[in-house]
Amino acid sequence: MEKLEVKSLNHHFGFTEILRDINFTLNKGQVLSVVGPSGGGKTTLLHLCAGLLDVEEGSATNTFASSSFAFQDARLLPWKNVIDNIALGLLAAGEKKSVAIEKSKKIALEFGLEESDFEKFPKDLSGGMRQRVSFARALVVKPSLLFLDEPFSALDIGLKKELQSILIDMISKKEISILFITHDLMEAIRLSDEILLLKADPGHIVKKFSYDLAQNKRDDEYVYAQSAKILQDREIITTFELELK
Amino acid sequence: MKFTLKILKDFPAYLWSGWGAIASILLFIALWDMGNQIYGNLVLPSPLETFTTLVAMLADENVIAEIKTTLYRASVGFGISLVVGTSFGLLAGFFATASMMSRPIVTILVGMPPIAWIVLAMIWFGMGDETVIFTVIVASFPIIFVGALQGTRTLDGDLKEMSDSFKLPWHMKFFDVYFPHIFSYVFPAWVSGLGMAWKIVVMAELLATSDGIGASLAVARSQLDTPTALALVVIMIGSLMFVEYIILEPIKREVELWRS
C-alpha cells in the first residue's frame with residue numbers, strides 16, 4: 001500500500017525551531033490538508049515530505065510510486081514555451097520527446113489552454129494561464145501523490161473553482177492522493193478528507209478534523225456550513241488569532 | 001541546428017528593419033560633409049575623400065597586412081579573456097566566498113585606466129605583440145568575468161527547487177534550467193568585451209608597436225595625413241558595426257526572445 005508516513009518530525013533552521021513533533025499518515029487516495037497561519041512552517045513541512053529539504057530528526061517515509069509538485073507561484077521556465085514547460089516532468093521521467101509533446105498538448109487543451117497559446121513564452125501569459133500551465137505540468141506525469149503549496153491563493157474564484165473541480169474529479173476516481181498546504185479553510189474543507197491544524201512557533205499540530213462526505217458530493221452549502229462550524233472552534237480561533245483584541 | 005535555421009530565416013526581416021539605422025548613418029555623414037565645408041580639408045576631410053582613400057588602402061597589400069596583425073592581436077587577447085573570464089566567472093559564481101573576494105579585485109581591474117596598463121605592459125614585455133595582447137586581456141577580462149559571475153549568482157532558487165521537485169537529471173538541469181539563464185548574462189558580456197578589445201588593441205598599438213592599425217594611425221598623425229587617419233577609423237568602426245549588427249545582434253535576438 002502506497003503511503004506517506006511522517007513520524008516525530010522536528011526541524012530547525014539554525015537555532016530557530018520550525019517544526020516540533022509532527023506525526024501523520026497519508027494513505028493512498030486520501031487528501032490531507034495542513035492549515036495554519038502564514039509563517040507557521042507549513043511550507044517547510046511540505047518540502048520535507050517532498051524531499052526538497054533533508055529530514056534532520058524523525059522520519060518522513062514516502063512510498064508513493066510517483067509524486068509531483070504545484071507551487072504557489074507557477075515557476076515556469078521563462079525560456080521555454082507552454083508545451084515544453086508542461087513536458088518538463090515527462091522528459092525528466094524518461095518519456096520519449098514526441099510522446100511527451102503529444103501528452104502535453106492533450107492536457108493543455110483539457111486545462112483550458114488554446115492551441116494558439118502553445119508556442120507562447122510565460123512572459124506572454126496572464127497569471128491565471130501560468131497557473132494552468134503549472135497545474136498541467138504537475139498532473140501530466142500522472143502522479144500518485146500530489147504536493148500542493150497554496151496553488152490557488154493568487155487565482156480568481158472562477159479559475160480556482162475550475163482547477164479544484166479537476167482535482168475533485170481525480171479524487172473521486174481514486175486516481176490521486178494529495179498533501180495540501182493552505183491558509184484558506186474553505187478550500188481545505190472542499191478538498192480534504194482530513195485537516196491538520198498547524199500552530200506556529202514552533203509549528204506543531206494542535207487538532208485534526210475529518211470530513212467523510214465524498215468530495216464530489218460536497219456542495220457550496222456543505223462547505224459554507226462546515227466553514228462556519230470550524231470557525232467557532234476554540235483551537236482555530238487561537239491559532240489564527242481571530243479574537244478581536 | 002534548428003536554432004541556426006531560425007536565425008537565418010529571420011535574418012532578411014532583421015536586415016529590412018535596419019533602414020532606420022542606415023538613414024541615421026547617412027544623416028551623420030551629411031553632417032560630417034558640412035563640417036568639411038566649414039573647416040576645410042586639413043582638419044576634416046570630406047566623406048568622399050575619406051572613402052576614396054579607404055578604397056585605395058584596402059587594395060594595398062601592406063594595409064591588409066596591418067589589419068591582419070591587429071586582428072590577430074585582438075582575437076588572441078579577446079579569446080583568452082573569453083575562455084578564462086567565462087570559466088573563472090562561472091566558478092566564482094558558484095562559491096559565495098569566491099564571488100565576495102573577487103569583487104574588489106574586479107573593481108581594481110575595471111577602475112585601472114587602460115593607459116596605465118599599457119605603460120606597465122611596455123615595461124614588462126617591451127614593444128611588441130605581448131604588450132598589446134596583455135592590455136587587451138586586462139581590459140576585456142573583467143567585463144566577461146563579471147557577466148559570468150552575475151549569471152551564476154542570480155540563478156533562481158525557486159526554479160532550482162522546481163527542478164528538484166520533478167527530479168530532473170543533471171543534464172536536463174544544466175541545459176534546461178541553468179544554461180539559458182547564465183547564457184543570457186554571459187553573451188551580452190562577450191559582446192561588450194569584444195567592443196572593448198577592439199578599441200584597446202588600437203590604442204595599445206599606437207603607443208607600443210610599429211605595426212598594426214594603431215601604428216598606422218600614429219604614422220598618419222605624424223604626417224598630418226588626416227584622410228588616412230579617418231579611413232583607419234572607418235575601418236575600425238565599420239568592422240565593429242559589422243560584427244555587432246550583422247553577426248551578434250541576430251543571435252542575441254533569437255536567444256533572448258523569451259525576455260520581457
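**Interface of chains A and B**

In the predicted model, 21 residues of chain A are in contact with 19 residues of chain B. Arg75(A), Trp79(A) and Lys123(A) supply 34% of the area that chain A buries against chain B, more than any other three residues. One of these residues, Arg75(A), also joins Glu161(B) through a side-chain salt bridge, with an N to O distance of 2.8 Å. Three elements of chain A each give two or more residues to the side that touches chain B: strand 5 (67-70), helix 2 (82-92) and helix 4 (127-139). Helix 2 of chain A provides the largest share of that side, 4 residues. The totals for the interface are set out below.

| Interface of chain A and chain B | Value |
|---|---|
| Buried area | about 1800 Å² |
| Share of buried area from carbon and sulfur atoms | 72% |
| Salt bridges | 3 salt bridges |
| Polar contacts (both residues at pLDDT 80 or more) | 6 residue pairs |

**Helix 11 of chain B**

Helix 11 of chain B comprises 30 residues, 226-255. From first to last C-alpha it reaches 42 Å, close to the 44 Å expected at 1.5 Å a residue. At Leu248(B), shortly before the proline Pro250(B), helix 11 of chain B has a kink of about 45 degrees. Both Leu248(B) and Pro250(B) are buried. Other buried residues of this helix include Leu230(B), Ala231(B), Leu232(B), Ile235(B), Met236(B) and Glu254(B). The partners against which the buried residues of helix 11 pack are helices of chain B: helix 1 (2-16), helix 2 (19-39), helix 3 (47-58), helix 4 (61-94), helix 9 (170-208) and helix 10 (213-222).

Notes
Residues are numbered from 1 along each chain as its sequence is written. Chains are lettered from A and ligands numbered from 1 in the order in which they are written. This is a predicted model: local features need pLDDT of at least 70, side-chain atom pairs count only at pLDDT 80 or more; totals for chains, interfaces and linings use all residues. Side-chain values use heavy atoms; hydrogens and water are left out. The expected span of a helix is 1.5 Å times one less than its number of residues. The bend at a residue is the angle between axes fitted to the seven residues ending there and the seven starting there. Buried means under 20% relative accessible area, exposed over 50%, partly exposed in between (1.4 Å probe, protein chains only). Contact means heavy atoms within 4.5 Å. Buried area is the accessible area (1.4 Å probe) that two parts lose on being put together, summed over both. A salt bridge is a side-chain nitrogen of Lys or Arg within 4 Å of a carboxyl oxygen of Asp or Glu. A polar contact is a pair of N or O atoms within 3.5 Å; within protein, one must be able to donate a hydrogen and the other to accept it, and residues adjacent in sequence count only if both atoms are side-chain atoms.
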